[in-house]
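Trainee: Could you take me through the aromatic rings in this structure? I would like a close look at how they pair up.

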Amino acid sequence: VPAHDGGKSLAALAAEMNAKSEAISVFNDFMSAALKAKTIDTDDPEEAGAQFIGLIKSRAFWPYILNGGTVGDDEMEHIVQSSVETFLSRFATKQKK
């Protein structure tokens, strides 16, 4: 299959999309397992997962797509840690005292 203007063949693009789909599926399974283990509290684990990914994308993806550049390792670590803390403050199962 010939490459389109971006230089990748349709087969390569399809493989990338499949890999992303599989990664999302694994992440959704992880969120469902967290719900089942009662470590998160939500009615919709897929939505909770999408919100978590959105926290990361809003700081590590979109600003760099729109403004150029890349995220450094230290900054990415900070973004992920902050996103985890925000996610858990909303979705972590509250411990009963």
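Mentor: Here is a walk through the aromatic pairs, ring by ring. Keep in mind that this is a predicted model. A pair of aromatic rings is described by two things: the distance of the centres and the angle of the planes.

Search the whole structure and five aromatic pairs turn up. One of them joins F52 and F87. Their centres are 5.4 Å apart, with 70 degrees between the planes. Planes over 60 degrees apart count as edge-to-face, so F52 and F87 form an edge-to-face pair.

Now place the two rings. F52 lies in helix α2, residues 45-60. F87 lies in helix α4, residues 73-91.

F52 has 12%, so F52 counts as buried. F87 has 7%, so F87 is buried too.

Next, look at F61 and W62. This pair is also edge-to-face. The centres are 4.8 Å apart, and the planes make 80 degrees. F61 is partly exposed, at 35% relative accessible area. W62 is partly exposed as well, at 43%.

Go back to F52 and F87. Both belong to one aromatic cluster, together with F27, F30 and F91. F91 has a charged neighbour: R90 lies over the face of its ring. The distance from the ring centre is 4.3 Å.

Methods. Residues numbered from 1 in each chain as written. Predicted model: local features only at pLDDT ≥ 70, side-chain atom pairs only at ≥ 80, totals over all residues. Heavy atoms only, no water. Phe/Tyr/Trp six-rings, centres within 6.5 Å; stacked < 30°, edge-to-face > 60°. Helix = DSSP H or I, 4+ residues; strand = E, 2+ residues; numbered from the N terminus. Buried < 20%, exposed > 50% of the residue type's maximum accessible area, 1.4 Å probe, protein only. Lys NZ or Arg CZ within 6 Å of the ring centre and 35° of its normal.
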